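I opened the notebook to look through one model from the whole chain down to single residues. Entries follow in the order I made them.

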Amino acid sequence: MTRDPPRIASRSNAHFRSVRALAGSAAERRRTRRTLLDGAHLVAAYLARALPALIAVSESARDDPEIRQLLERAPNAPRVCFSDALFAQLAPVQTPTGILAVIDIPENPAGKPNGSLLVMLDAIQDPGNVGTIIRAAAGAGADAVLLSAQCADPWSPRTLRAAMGAHFALRIHAHCDLERAVREFEGRVIATAGRGGVAPHALPLTGPVALLFGSEGAGLSEPLAKAAHAAISIPLARGIESLNVGAAAAVILFERVRQLAAAAPVRAR
């Protein structure tokens, strides 16, 4: 039987102050090398791999069957129960599910990034877009996502929520020197472009490939665009200027999935 977490109703409580600092301060997340997971799905995805530093539940959600099940999966993890009024100050959404977890931010993986599919992000500053791309990359079987120093923090609560657990299915390299990564990658490097590139279906994507995505406004930096072996552009209907970078990434990533499936030998039934 899972022990009930202690109830906290005071704003001066040390646990509340530390979690609130993580929720609202990128500097605090960098200082402590910790971040927040919000919601049952994210907490469950993390528990499949490790124990959080702290689990926090709201008073009204404490007896919810899904929350109780998550607590039972982590009997040795420290846990607290915040009053609903305090929990509302921590959750990043208007209708929280009632559970948060404090986790340690992993160090960048050692060694140079490698694999059959790398996704490289250059100065994409919206956390929702970064999270969406990480989620699409994981779904398409990417080995790693590399982010330049000008990208949104991949470990911020907003980015984590947008990725819905995909961080834990691939490698995340933050603050990367993308120009160096491109030079060291042993496969083909494909740069995305708003126009002028080859359509995704017309460009072979089945071998080892690194896909470069830039911000919607500025696009890729000139050195990165020039370093690529080819440019890829999504054909759009007349009058449509561009796609959201998250949507564009999904289109291209799953075109690669389609090509791999088409190239696979057909098995006899």
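**Ground rules.** I am working with a predicted model, where local features need pLDDT of at least 70, side-chain atom pairs count only at pLDDT 80 or more, and totals for chains, interfaces and linings use all residues. Residues are numbered from 1 along each chain as its sequence is written, and side-chain values use heavy atoms, with hydrogens and water left out.

**Overall.** I looked up the secondary structure and found 10 helices and 11 strands. These are DSSP runs numbered from the N terminus: helices are H or I with at least four residues, strands are E with at least two. The C-alpha atoms fill a box of roughly 60 × 50 × 40 Å along the principal axes.

I then checked burial. Of the 269 residues, 47% are buried. Buried means under 20% relative accessible area, exposed means over 50%, and partly exposed lies in between, with a 1.4 Å probe and protein chains only. The protein exposes about 13400 Å², and carbon and sulfur atoms supply 51% of that area. The method is Shrake-Rupley with a 1.4 Å probe; for residues, only the protein chains shown count as cover.

Next, contacts (heavy atoms within 4.5 Å). Among contacts with a separation of 6 or more, 80% join residues 24 or more positions apart.

I noted 30 positive and 23 negative charges, with mean positions 2 Å apart. Lys and Arg count as positive, Asp and Glu as negative; His and the chain ends are not counted. Each charge is placed at NZ of Lys, CZ of Arg, CG of Asp or CD of Glu.

**Domains.** How is the protein divided? Domain 1 covers 7–104 and domain 2 covers 117–263. The contact between them takes 12 residues from domain 1 and 10 residues from domain 2. The bounds come from an automatic or database domain assignment. The C-alpha centres of the two domains lie 31 Å apart. About 1100 Å² is buried between them, 68% of it from carbon and sulfur atoms. That area is what the two parts lose on being put together (1.4 Å probe), summed over both.

**Helix α3.** I picked residues 40–47, a helix that is mostly covered, with six of its eight residues buried. Those are Ala-40, Leu-42, Val-43, Ala-45, Tyr-46 and Leu-47. What do they pack against? I found β2 (34–38), α4 (65–73), β5 (99–104) and α7 (157–163).

**Positive phi.** Most residues other than glycine have a negative phi. Arg-33 has a phi of about 55 degrees and sits in the loop between α2 (26–32) and β2. Arg-33 is partly exposed, at 34% relative accessible area. Met-164 also has a positive phi of about 55 degrees. Its loop runs between α7 and β8 (171–176). Met-164 is partly exposed too, at 30%.

**Gly-219.** I located Gly-219 in the loop between β10 (209–214) and α9 (222–227). Its relative accessible area is 27%, so I class Gly-219 as partly exposed. Beyond neighbours within four places in sequence, Gly-219 is in contact with Asp-122 and Gly-214. Asp-122 is 97 residues away along the chain, yet the two C-alpha atoms are separated by 8.1 Å.

**Pro-265.** My last stop was the segment after α10 (245–263), where Pro-265 is placed. Is Pro-265 buried or exposed? Pro-265 is exposed, with a relative accessible area of 72%. From Met-164, Pro-265 is 101 residues apart in sequence and 33 Å apart in space, C-alpha to C-alpha.
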